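Please look over the sequence and the model first, then read the points below.

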Amino acid sequence: MFHLNLKYLRHRRQLSQQLLAEELGIPRTTYSEYEKGNTEPNLRLLTRMSELFTISLDQLIREDVSLGVWKYLKTTT
């Protein structure tokens with residue numbers, strides 16, 4: 001679920017993988033592996049991602065964020 005949420009949230013913000021990776025301070029290739037579900041970030045980076053997307057860590061990793069209207073998700077960057 002986490003990797004699908006990452007892709008959904010990134011598209012919702014209209015960001016490229018490169019721009020989001022730069023915002024997170026990681027290589028684009030590493031970020032790409034997260035979206036593919038091939039690897040997972042550490043807790044520090046997960047926390048940073050949840051802050052960037054303004055959702056809880058629990059929502060980011062456990063819920064399908066594409067199913068509902070996310071009143072907590074800011075659409076402006």
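This is a predicted model: local features need pLDDT of at least 70, side-chain atom pairs count only at pLDDT 80 or more; totals for chains, interfaces and linings use all residues.

Which residues in α1 meet which residues in α3? His3, Leu6, Lys7 and Arg10 are the α1 residues, and they meet Tyr31, Tyr34, Glu35 and Lys36 in α3.

**Helix α1 with helix α3**
- Two packed helices are described by the angle between their axes and the distance between the axes.
- For α1 and helix α3 (residues 28-36), the packing angle is about 115° and the axes are 6 Å apart.
- The contact of α1 with α3 is made up, by class, of four charged, three nonpolar and one polar residue.

**Helix α2 with helix α4**
- Helix α2 covers residues 17-24 and helix α4 covers residues 43-53; their axes come within 10 Å and cross at roughly 115°.
- This crossing of α2 and α4 is right-handed.
- On the α2 side, Leu20, Glu23 and Leu24 take part, and they meet Leu45, Arg48, Met49, Leu52 and Phe53 in α4.
- Six residues of the contact of α2 with α4 are nonpolar and two are charged, with no polar residue.

**Phe2**
- Phe2 belongs to helix α1, which spans residues 2-12.
- The relative accessible area of Phe2 is 9%, so Phe2 counts as buried, the cut-off being under 20%.
- Apart from neighbours within four places in sequence, Phe2 is in contact with Pro41, Leu46, Met49, Leu60 and Ile61.
- Phe2 and Lys36 are 34 residues apart along the chain, and their C-alpha atoms are separated by 9.9 Å.

**Two loop residues with positive phi**
- Most residues other than glycine have a negative phi.
- Gln14 has a positive phi, near 55°, and is not a glycine.
- Gln14 sits in the loop between α1 and α2.
- Gln14 is exposed because its relative accessibility is 72%, and the cut-off for exposed is over 50%.
- Thr54, also a residue other than glycine, has a positive phi near 50°.
- The loop between α4 and α5 (57-62) is where Thr54 lies.
- With 25% relative accessibility, Thr54 counts as partly exposed, because that class lies between the buried limit of 20% and the exposed limit of 50%.

Key
Residues are numbered from 1 along each chain as its sequence is written. Side-chain values use heavy atoms; hydrogens and water are left out. Axes are lines fitted to C-alpha atoms, for helices over the stretch in contact, and angles run from 0 to 180 degrees between N-to-C directions. Helices (H or I, at least four residues) and strands (E, at least two) are DSSP runs, numbered from the N terminus. A crossing is left-handed if the near helix is turned anticlockwise from the far one by less than a right angle, and right-handed if clockwise. Contact means heavy atoms within 4.5 Å. Ala, Val, Leu, Ile, Met, Phe, Trp, Tyr, Cys and Pro count as nonpolar, Asp, Glu, Lys and Arg as charged, and the others, Gly among them, as polar. Buried means under 20% relative accessible area, exposed over 50%, partly exposed in between (1.4 Å probe, protein chains only).
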